Amino acid sequence: MTVARKTFDAVIIGAGGAGMRAALQLANSGLKVALLSKVFPTRSHTVSAQGGITSALGNADEDDWRWHMYDTVKGADYIGDQDCIEYLCKEGPQAVYELEHMGLPFSRMDNGKIYQRPFGGQSKNFGGEQAARTCAAADRTGHALLHTLYQQNIKAKTHIFSEWFALDLVRDESGRVLGTTAFCIETGEVVFFQARVCILATGGAGRIYQSTTNAHINTGDGFGMAVRAGIPLQDMEMWQFHPTGIAGAGTLVTEGCRGEGGYLINKDGERFMERYAPHVKDLASRDVVSRSIALELRAGKGFDPKGVDHVKLKLDHLGADLIKSRLPGIRELSKTFAGVDPIVDAIPVVPTCHYSMGGIPTNIHAQVVTHYKGKDHVVDGLYAVGECACVSVHGANRLGGNSLLDLVVFGRAAGIHIEQMWKVNELPELSDVSDEAIDASLARYTRWEKSTTTGESPAIIRDAMQRVMQEDFGVFRTGEVMDQGILRLQALRERLNAASLRDKSKIFNTERVAALELDNLMATACATAQSALARTESRGAHSREDYPERDDTNWIKHTLYFEEDNRIDYRPVNQSPKYVEPFEPKKRVY
Amino acid sequence: MTDSRIINLSIYRYNPETDTKPYMKPYELSVSTANDPMLLTLLERLKAEQDPTLSFRRSCREGVCGSDGMNINGANGLACITPLSTLKSKTIVVRPLTGFAVMRDLIVDMSTFFKQYERIKPYLQNDTAPPEQERLQSPKDRAKLDGLYECIMCGCCTSSCPSFWWNPDKFVGPAGLLQARRFLADSRDTATEKRLEEMQDPFSVFRCRSIMNCASVCPKGLNPTHAISEIRQQMLDDET
């Protein structure tokens, strides 16, 4: 298949917060940047982030980035890389001020500074009293952030390829990444985007689960592209279940609700988090709160044991004024999806798949790394930022508000690193690319194109996969159940190989997009399953009933999953921050 | 087994590769009486269960990304936050947003819409060097952005505006003007005069006839007509 070529200095795949922050850095420095996105940029999932962006500005109270770092290391249950967490927390304030200068409409304190609210897992003075560290634009911070970054990219004249779907990376024999193939959803045209560097910023993959807060578009496209290029995925067993998704609908209710003083109740009206986390109660880490809810439901303390069983989030005691000014979006969502006005009634909620802590392993500059013979090796020409990357700043459990921070700090870091390489002429020049290399990256496009029209529909396989993940790889896991789950996934993968694309048309063929997305979802699900089975301990979001304890002797390490032969390997956790003493693992108490 | 009822839909279909002209296609779907699904869920089910070629945009499914604006029983709205119970007609009629060229089925070409958005320079302009920390803004000044910054660019308003139908190249349209007002209202923006000057012609702002279709369809409850009248007021104040 001969395809057209377009050439750029940098190609960024994904136009959420991370991709757009990276694009902005590069476009402003004069590089020729292409920003590819399968949806119009402001439709990216960053838009759904609600509560805020965490950073130690110290506006609400005394604060220190080292305290933020301590909380993040602890929240990550000690498998976050401490050099990167240090960078995240230290650079955070600057990255947030930059957003403010760009025009992000943050809520304000009386003195005119950016408003900050308490979130889960935040403490002062290394585990002391509750901190208020999450900067917010009401409860629409993601929307405000994403639109601001899009507006800045308009100003910077970034080349945006809106509604283009990336297929696969193109690599040479040495493994260097030379660009990506993609097709225009509107016309069906297939193009090879050749670039001196590529940045994956494709976001999460919550759609591997049946019940998720994630948008339909969160299909792990970067995860699929990475594993097919022989690049490992790291810590894929670590999926965050957010304590408060609206029961049935799955839509997110921000942790900011509890930060503002809301709390969870069971069917007896009991504030049960007092039993599980006596110190910080409802503001314990998300993994802790989600497990507590699951245990309440298991004990028959839910409101609807026969239907979508759930607990409730009580906000009415906060008063109408606070809810209207600080949580207006939540009120709207709750009315729409639960038929409940939180000013009057409690919102039915249940733990819901929310975020992938795992992803494509990178170093502190956001360069993608692979690992062999006990050492990290940079994959030339490839960066990864945002949820698709595993830097790892979130380890086994992400703290609320650290995701938006991760997007802008590491989107910016990737941009800065590429910019510096460019200035000292170390950015590789565009080289010849063989037709074979391009053809290889079109393999699955061609497979779907040539599929018969009589096979199974991808939609059926997707539903079945989501059910397996929900049943066998949920909040609580056991080896026996996961073994079964892996067999079920293998069977589905075989069915996927024989499935049919029934619509072969070129113009806005959304069935083609969904089929290609399903390849990526399936790759993500398999990576999750194998990694979850391999980790025989309980840590952070990964909770094994057959291995209920954290095992620091054997498991302070990252899991690496290679698609070839479903191989699992391990990579050390960085415990060498630059400016502070490392934080040693302690028992996590909230 | 719970009880179910049959829902009738009539959906606008057009595939430029195979159809010489658009047509309305009838569908039937069985829906449990215990549930009140959103229209988007019904469309997703139709696509998965009956017709993989049915095409529409969607992403967040919770009314914040703005992908699934469409014309539902004659009024623009987002399919993902339109519950079945609010659609009282015997047959639910779903068409693409009006005023834009149809690419396929419920998917329209929004390039004129985005062009008008870009035209108003939708980014903060401030000619002073940024301070080391944040620029200060009082809660009162920040409150002036409420009702403006929340726009999700779904196009429901602009698509329902006859002034935009007539002059999509010259009239900025409700969404673009709402955004213009968002920056005019921002105490941190110093380009007010220039912004007003650039819209100072018979079309950009003044084609608005205040018929308020925009405000009545906005799925976020925003009021572009009000924003436009504020821009006009600012223009008058500017002149005097």
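Colleague: How many bridges join strand 21 of chain A to strand 22 of chain A?
Modeller: The model is a predicted one. In it, strand 21 covers residues 557–562 of chain A and runs antiparallel to strand 22 of chain A. Within this pair, A:His558 stands opposite A:Arg571 of strand 22. The number of bridges that join the two strands is 6.

Colleague: Which strands of chain A stand at the edges of the open sheet?
Modeller: The open sheet has 3 strands with antiparallel pairing, in the order 10-21-22 of chain A.

Colleague: At about what angle to strand 21 of chain A does helix 16 run?
Modeller: Helix 16 of chain A comprises residues 510–534. This helix lies across strand 10, strand 21 and strand 22 of chain A. Relative to strand 21 of chain A, helix 16 runs at about 140°.

Colleague: What area is buried between chain A and chain B?
Modeller: The contact takes 60 residues from chain A and 59 residues from chain B. In chain A, A:Arg43, A:His101 and A:His216 lose the most area to chain B, together 15% of what that side buries. Carbon and sulfur atoms give 53% of the buried area, which is about 4800 Å².

Colleague: How far apart are the closest N and O atoms in the salt bridge of B:Arg57 with A:Glu163?
Modeller: Across the interface of chain A and chain B there are 5 salt bridges. For a salt bridge, the nitrogen and the carboxyl oxygen must lie within 4 Å. B:Arg57 and A:Glu163 form such a bridge, and their closest N and O atoms are apart by 2.7 Å.

Colleague: Which helix of chain A gives the largest share of the side that touches chain B?
Modeller: Across the interface, 37 residue pairs are in polar contact. Helix 3 (82–102), helix 4 (141–155), helix 10 (328–338) and helix 16 of chain A each supply at least two residues of the side that touches chain B. The largest share, 8 residues, comes from helix 4 of chain A.

Colleague: Is A:Glu163 buried or exposed?
Modeller: A:Glu163 lies in the loop between strand 6 (159–162) and strand 7 (164–171) of chain A. Although A:Glu163 is not a glycine, its phi is positive, at about 65°. Its relative accessible area is 12%, and the limit for a buried residue is under 20%. A:Glu163 is therefore buried.

Colleague: Is A:Asn425 buried or exposed?
Modeller: A:Asn425 is found in the loop between helix 11 and helix 12 (435–441) of chain A. This residue, which is other than glycine, has a positive phi near 55°. Its relative accessibility is 70%, and the limit for an exposed residue is over 50%. A:Asn425 therefore counts as exposed.

Colleague: What is the omega of the cis peptide bond that joins A:Val391 and A:Ser392?
Modeller: A:Ser392 has its place in the loop between strand 18 (389–390) and helix 11 (402–423) of chain A. The peptide bond joining A:Val391 to A:Ser392 is cis, with an omega of about 5°.

Colleague: With which side chain does the side chain of B:Lys144 make a polar contact?
Modeller: B:Lys144 lies in the loop between helix 3 (139–143) and helix 4 (156–159) of chain B. With a relative accessible area of 43%, B:Lys144 is partly exposed. At 2.9 Å, its side chain makes a polar contact with the side chain of B:Asp141.

Terms used. Residues numbered from 1 in each chain as written. Chains lettered and ligands numbered in written order. Predicted model: local features only at pLDDT ≥ 70, side-chain atom pairs only at ≥ 80, totals over all residues. Heavy atoms only, no water. Pairing = 2+ DSSP bridges. Helix = DSSP H or I, 4+ residues; strand = E, 2+ residues; numbered from the N terminus. Contact = heavy atoms within 4.5 Å. Axes fitted to C-alpha atoms, helices over the stretch in contact; angles between N-to-C directions. Buried < 20%, exposed > 50% of the residue type's maximum accessible area, 1.4 Å probe, protein only. Polar contact = N/O pair within 3.5 Å; in protein donor to acceptor, adjacent residues only side chain to side chain. Buried area = accessible area lost by both parts, 1.4 Å probe. Salt bridge = Lys/Arg side-chain N within 4 Å of Asp/Glu carboxyl O.
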